[in-house]
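Please find below a note on the model under discussion.

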Amino acid sequence: MSGSYDDSVGVEVSSDSFWEVGNYKRTVKRIDDGHRLCSDLMNCIHERARIEKTYAQQLTEWAKRWKQLVEKGPQYGTVEKAWHAVMSEAEKVSELHLDIKSALMNEDFEKIKNWQKEAFHKQMMGGFKETKEAEDGYRKAQKPWAKKLKEVEAAKKAYHAACKEEKLAISREMNSKADPALNPEQLKKLQDKVEKSKQDVLKTKEKYEKSLKDLDHVTPQYMENMEQVFEQCQQFEEKRLRFFREVLLEVQKHLDLSNDVSYKNIYRELEQNIKTADAIEDLRWFRANHGPGMSMNWPQFEEWSADFNRTLSRREKKKASDGVTLTGVNQTGDQASQHTKHSSHLSVPSNTVQSLQSSYNPFEDEDDTGSTVSEKEDNKIKNVSSSEKNQSYPTEWSDEESSNPFSSTDANGDTNPFDEDASPAMEVRVRALYDYEGQEHDELSFKAGDELTKTEDEDEQGWCKGRLDNGQVGLYPANYVEAIQ
């Protein structure tokens, strides 16, 4: 149709206009699209909530794992506390992201779901009530105008056909005048044909113009009715757009942690904890507990006494007379509490020089192995032995057991009168944190993750007595296991 409703012949405009018959369906489809967009937005929020939950879980697992590794690792002092602060930050941030997940699902998701249910009403025969109302409104508004348009198209078609016939008749008449063989009667028929075709052109043109006037007459009403229905669709769509804007702003508030006071406090506290790390203080502590600042029982002359024997821990006894025993010095007070995870002892037979070189020995030279102490520790992070992670550096040594006046038995094999009877302890189920291979016949061997029963509490040297599930009883380092909750 012509957008200006003129009677120009052969002029056509785009058929994509809203005013064309049936092109209102795009605005009707927008209502169905609105329902689908609500579902899409819910799916979008649900996926983001799932990401927030997964991230929170990963933060928690990461913090828990590294807390254990740092606690059982060689780091100490204020730097250790600063390191722990990083894991604490992860735990607190994890809680905030769980709050985001809850807000997205319990508030935003539910709000969209309820609005969608209230705005779109499904019909028994399928589709939505709102879509059908818009469809019926457009069809009713367009029906009278579409009928007139159909009449215009028919009149136009008849007019164009008459014009074509007129042109053919004139062409035949012109050709016949140049033909001497044509009789006058035939020429008269051609002339009558031309005259009749001209009259048909006039009649069809008049009818065509009249149908266009009739169409122009109903067009304003048609436009008004169509505008009315369109505005109703616009109002419905405006509600959806405004609702989406409102929901997205709420989602933004839930996701934006930069304005959350608790979130800012987390990183303010983290910064303060890290800045409290004092290298000088840590070095001073290490000197006092593992360096020249440690106390020492320097050798002194002692008279032999049959009634006075020094008692040694059973872990310091060696079968081989040529063994070398390194023992730790017990700490007291605050120093002992800070040093719990580092205190142990190291027993090394003299005939196993290679074993001594492979473990952490403060007396060995770096030139012998070609690597520093820190490099040796890095190579043993995954499977740490008690002699490395928890040893205190040795302060006294004995070449042979028989020369030590403080051995737990005298020359006649009598027991030490200073030994105390071990009080029975409650049995506790524990789980191995690391692999451990027993070094003596009375030690247990197990793998990380194995469970066993602790039958006696930790002694002064950091050893516990336990029983494997197969019934074997023996000793094991206390810091290699954790109690099963």
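The numbered points below go from the whole chain to single residues.

1. Basis. This is a predicted model, in which local features require pLDDT of at least 70 and side-chain atom pairs count only at pLDDT 80 or more, while totals for chains, interfaces and linings use all residues. Residues are numbered from 1 along each chain as its sequence is written, and side-chain values use heavy atoms, with hydrogens and water left out.

2. Overall composition. The secondary structure amounts to eleven helices and eight strands; helices (H or I, at least four residues) and strands (E, at least two) are DSSP runs, numbered from the N terminus. Of the 485 residues in the chain, 33% are buried. Here buried means under 20% relative accessible area, exposed means over 50%, and partly exposed lies in between (1.4 Å probe, protein chains only). The chain exposes about 31600 Å², of which carbon and sulfur atoms supply 52%; the areas come from the Shrake-Rupley method with a 1.4 Å probe, and for residues only the protein chains shown count as cover. Among contacts (heavy atoms within 4.5 Å) between residues at least 6 apart in sequence, 72% join residues at least 24 apart.

3. The nonpolar cores. A nonpolar core is taken as a set of buried Ala, Val, Leu, Ile, Met, Phe, Trp, Tyr and Cys residues joined through side-chain atoms within 4.5 Å. The largest one has 49 residues, and those with the most contacts inside it are Ile45, Ile112, Phe120, Tyr138, Met226 and Val247. Helices H1, H2 (77-119), H3 and H4 (184-255) each supply at least two residues of this core. H4 gives the most, with 13 residues. A second, separate core of 15 residues includes Tyr434, Trp463, Tyr476 and Ala478.

4. Which residues does Met226 touch, not counting residues up to four places away in sequence? They are Phe18, Trp19, Tyr24, Tyr138, Ala141 and Gln142. Met87 is located in helix H2 and is buried, at a relative accessible area of 1%. Apart from neighbours within four places in sequence, Met87 is in contact with Trp62, Ala63, Trp66, Lys67 and Val70. The C-alpha atoms of Met87 and Lys67 are 6.7 Å apart, although 20 residues separate the two along the chain.

5. The five-stranded sheet. An open sheet has the strand order S7-S6-S5-S4-S8, with antiparallel pairing. Strands S7 (473-477) and S8 (481-483) stand at the edges with a single partner strand each, so one side of each is left without a neighbour in the sheet. Neighbouring strands of this sheet are turned by 50 degrees against each other on average, direction ignored. The axes behind this angle are lines fitted to C-alpha atoms, for helices over the stretch in contact, and angles run from 0 to 180 degrees between N-to-C directions.

6. Two strands pair if DSSP finds at least two bridges between them. S4 (residues 428-432) and S5 (residues 451-456) pair in the antiparallel sense over four bridges, and the partner of Arg429 in S5 is Thr453. S5 and S6 (residues 463-467) run antiparallel and are joined by three bridges, with Arg467 in S6 as the bridge partner of Thr453. S5 and S6 form a hairpin with six residues between them, and Gly462 in the turn has a positive phi of about 85 degrees. S6 and S7 pair over five bridges, again in the antiparallel sense, and Gly466 stands opposite Gly474 in S7.

7. Salt bridges. With a salt bridge defined as a side-chain nitrogen of Lys or Arg within 4 Å of a carboxyl oxygen of Asp or Glu, the count comes to 26. One of them joins Glu135 to Lys25, the closest N and O atoms being 3.1 Å apart. Glu135 lies in helix H3 (residues 129-177) and Lys25 in helix H1 (residues 25-72), so the pair ties together parts that are 110 residues apart in sequence. Glu135 is buried at 14% relative accessibility, whereas Lys25 is partly exposed at 45%. Both belong to a network of salt bridges linking Lys25, Lys132, Glu135, Asp136 and Arg139.

8. Pairs within helix H1. Lys29 and Asp33 form a salt bridge (3.1 Å, N to O); the two are four residues apart in H1, about one helical turn. Lys29 is partly exposed at 49%, and Asp33 is partly exposed at 22%. Asp40 and Arg36 also meet in a salt bridge (3.7 Å, N to O), and both lie in H1, four residues apart. Asp40 is partly exposed at 36%.
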